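Biologist: I am new to this structure, and I would like to learn how to read its pockets and its aromatic rings. Could you take me through them step by step?

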Amino acid sequence: MHDKLLNLISKKILLTKHEEELCRKYFEPVLFSKNQIIEDEGQVPKYLYFVVSGFIRLFYYNNLGDEVTTHINCPPGFFASYSNFINHTKSNENVACITECKLLRITKIDLDFLIQRSVAFKDFSIWVFEQSLTYNENRSKDLATLTAEQRYKKLINNYPEIVYHVPLQYIASFLGMNPKSLSRIRKQMIK
């Protein structure tokens, strides 16, 4: 399972054999079942996850008790209630597996250890942070400037496999619309 992570890192940073061994040692492989909540709101996130396979989401409950999906990850990629993980603060979001998920996970203590021991891991961590910031800025801009149909088209153009693995109610919530609106958009696109 570590090969996907090592391949992603090697596209950005050259790792020594020793650094590859550290990666294999500190990133723990785990398997979670469909619909399993792996981090609970109200808790400090324990892990940063790397999604090897499967789909995972962040969500919270609004004041009406409805689930609001704030992030969906398509493999491969890193996933956590990121700012809470980094700052060691309680999260108001849950991390849940949408499908069965093969993940690698690392604690904050172990991540900090790797970053302190290796310039390569430090550089890669900075790159991951930059990607996260860019993604969140683009998502905020899209929610503010694109129509619901444009947001959906952009999502399926960038991640076409999402519609086969993620329930429409999660996609709709993630895109800032209700499921009926998304169904209407999908029907219009088929015509």
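Biologist: Which element gives the largest share of the lining of the largest pocket?

Modeller: Bearing in mind that this is a predicted model, the largest share comes from H5, which gives 14 residues to that lining. The largest pocket holds about 1200 Å³ of space, and of the 41 residues that line this pocket, the closest to its centre are His71, Gln131, Ser132, Tyr135 and Asn136. Elements that give two or more residues to the lining include strand S5 (67–73) and helix H6 (148–158), and by class the lining divides into 23 nonpolar, 13 polar and 5 charged residues.

Biologist: What volume does the second largest pocket have, and which residues lie closest to its centre?

Modeller: Its volume is about 260 Å³, and of the 16 residues that line the second largest pocket, Leu48, Tyr82, Leu111, Ile115 and Ser125 are the closest to the centre. Here too H5 supplies the largest share, with 5 residues, while the lining as a whole has 13 nonpolar, 1 polar and 2 charged residues.

Biologist: How is a pair of aromatic rings described?

Modeller: One gives the distance of the centres and the angle of the planes. The structure holds 7 aromatic pairs; one of them joins Phe59 and Tyr61 edge-to-face, at 5.4 Å centre to centre with 85 degrees between the planes.

Biologist: Is Phe59 buried or exposed?

Modeller: Phe59 counts as buried because its relative accessibility is 1%, whereas Tyr61, at 39%, is partly exposed. Arg57 lies over the face of Phe59, at 4.1 Å from the ring centre, and also over the face of Tyr170, at 3.6 Å.

Notes: Residues numbered from 1 in each chain as written. Predicted model: local features only at pLDDT ≥ 70, side-chain atom pairs only at ≥ 80, totals over all residues. Heavy atoms only, no water. Phe/Tyr/Trp six-rings, centres within 6.5 Å; stacked < 30°, edge-to-face > 60°. Buried < 20%, exposed > 50% of the residue type's maximum accessible area, 1.4 Å probe, protein only. Lys NZ or Arg CZ within 6 Å of the ring centre and 35° of its normal. 1 Å grid on protein atoms, 1.4 Å probe; cavity = no way out; pocket = protein on both sides within 12 Å on 5 of 7 lines; lining within 4 Å. Points joined across faces, edges and corners; volume = space filled by probe spheres on them. Helix = DSSP H or I, 4+ residues; strand = E, 2+ residues; numbered from the N terminus. Nonpolar A, V, L, I, M, F, W, Y, C, P; charged D, E, K, R; others polar.
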